[in-house]
Amino acid sequence: MGFLDGLKKFGLGALEDEELYEDPKKKAVKKEEPKKQALPLNEETLLFDKKYTCPICDSQFDSKTVRSGKVRVKSQDVDLRNTYNEIDPSKYDIVTCPNCGYSTLAKYYGNLTKFQIDEIKGKISANFKKHEFGKVTYTYEEARMRYELAIATAMVKKSKNSEKAYLCLKMAWLIRGENEHMDPATEGYEEKQKANKAEELDLLKKALDGFVIARQSETPPIAGMDELTLDYLMAAIGLEVKDYDMANKMVGNIILSRTANSRLKEKAKDLKEKIAEDMKNNPPAQA
């Protein structure tokens with residue numbers, strides 16, 4: 001009889017012959033479980049459907065959203081736009097209700113006053129034609145439509161100038177991304193690239209105009225940026241649109257600031273050199 005034969009009463013007789021102690025020399029070899037195959041990193045697998053309830057029409061809808069932490073920055077443009085290998089996140093920054101047309105950057109979604117809701121209902125939703133966007137990914141054409149709706153929504157609901165300026169900046173980035181991802185074999189490639197570049201510059205100018213007004217009338221943070229970060233962004237946009245006076249003024253604010261950290265000051269000094277080089281290569285036309 002084993003000393004655990006009483007286990008039979010509980011239907012556990014099979015354990016009666018188990019060894020009480022394990023021999024450390026006899027290590028069980030664990031079978032390796034087959035590794036789960038990682039999904040390939042591409043635009044489709046980096047997205048998920050986020051659910052929203054529209055504050056205007058109360059309908060529920062999904063909006064394609066980039067999975068946070070799944071993409072890594074490849075590089076950064078002078079105006080702080082991040083680029084990535086697998087996806088262009090700017091295509092998915094706008095949340096649009098397909099039922100009534102209410103559109104905004106995800107960071108500004110909701111928190112509307114009664115006045116804003118009434119204005120959107122009367123000036124956008126009343127005339128909006130229902131539209132379904134891509135079920136797997138959004139095309140650049142669809143993303144443009146969503147930005148246009150977001151800018152129209154911001155105008156109608158009397159958003160802060162900084163919000164409207166930021167939307168113009170983000171749409172400029174979207175169009176830049178479209179040019180970068182366009183297949184050179186596309187019909188009318190050169191003409192499309194040229195038209196996009198002109199539209200991008202126009203949006204950058206509008207963004208700069210809006211940030212100038214916001215800087216004079218709003219209290220930081222402005223569009224999520226502290227004053228010195230905004231100054232850097234405005235200097236960079238000034239360089240891009242050849243407004244050298246604005247670019248030099250804003251970059252000078254950072255270099256002379258007593259509160260700017262060393263990293264930002266170094267970035268500002270690098271930007272100042274780029275501005276000087278660009279001015280040298282693009283001298284003002286003689287009167």
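Predicted model: local features only at pLDDT ≥ 70, side-chain atom pairs only at ≥ 80, totals over all residues.
Let's start in a loop. V78 sits between β3 (73-76) and β4 (82-84). Residues are numbered from 1 along each chain as its sequence is written, and side-chain values use heavy atoms, with hydrogens and water left out.

Back to V78. What does V78 touch, leaving aside its neighbours within four places in sequence? The partners are Y232, A236, L239, E240, L271 and K274. Contact means heavy atoms within 4.5 Å. There is also a C-alpha distance to note: V78 and L233 are 155 residues apart along the chain, and their C-alpha atoms are separated by 8.3 Å.

Now the whole chain. There are 7 helices and 6 strands. The order from the N terminus is β-β-β-β-β-β-α-α-α-α-α-α-α. Of the 287 residues, 43% count as buried. The cut-offs for relative accessible area are these: buried is under 20%, exposed is over 50%, and partly exposed is in between, with a 1.4 Å probe and protein chains only. Take the contacts with a separation of 6 or more: residues 24 or more positions apart account for 62% of them.

Helix α1 covers residues 114-123 and holds E119. Is E119 buried or exposed? Relative accessibility is 18%, so E119 counts as buried. Beyond its neighbours within four places in sequence, E119 is in contact with I124 and V156.

Helix α3 runs over residues 161-181, 21 residues in total. From first C-alpha to last it reaches 30 Å, close to the 30 Å expected at 1.5 Å a residue. That expected span is 1.5 Å times one less than the number of residues. Of the 21 residues of α3, 17 are buried, so the helix is largely enclosed by the rest of the structure.

On to helix α4, residues 189-217, which contains Q193. Q193 counts as buried, at 17% relative accessibility.

Now the packing. Two packed helices are described by the angle between their axes and the distance between the axes. Axes are lines fitted to C-alpha atoms, for helices over the stretch in contact, and angles run from 0 to 180 degrees between N-to-C directions.

First pair: α4 and α5. The axes are 10 Å apart, at an angle of about 145 degrees. The crossing is left-handed, meaning the near helix is turned anticlockwise from the far one by less than a right angle; clockwise would be right-handed. α4 brings L201, L204, L208, F211, V212 and R215, while α5 brings E227, L230, D231, L233, M234, I237, G238 and E240.

The loop between α4 and α5 holds P221. The peptide bond from P220 to P221 is cis, with omega near 0 degrees.

The cut-offs: under 35 degrees is roughly parallel, over 145 roughly antiparallel, 65 to 115 roughly perpendicular, and the rest oblique.

K242 lies in the loop between α5 and α6. K242 is not a glycine, yet has a positive phi of about 65 degrees. K242 is partly exposed, at a relative accessible area of 41%.

Last pair: α6 (residues 244-256) and α7 (residues 262-281). The axes come within 9 Å and cross at roughly 155 degrees. That makes α6 roughly antiparallel to α7. The crossing is left-handed. The contact residues divide into 10 nonpolar, 1 polar and 4 charged.

Technical notes. Helix = DSSP H or I, 4+ residues; strand = E, 2+ residues; numbered from the N terminus. Nonpolar A, V, L, I, M, F, W, Y, C, P; charged D, E, K, R; others polar.
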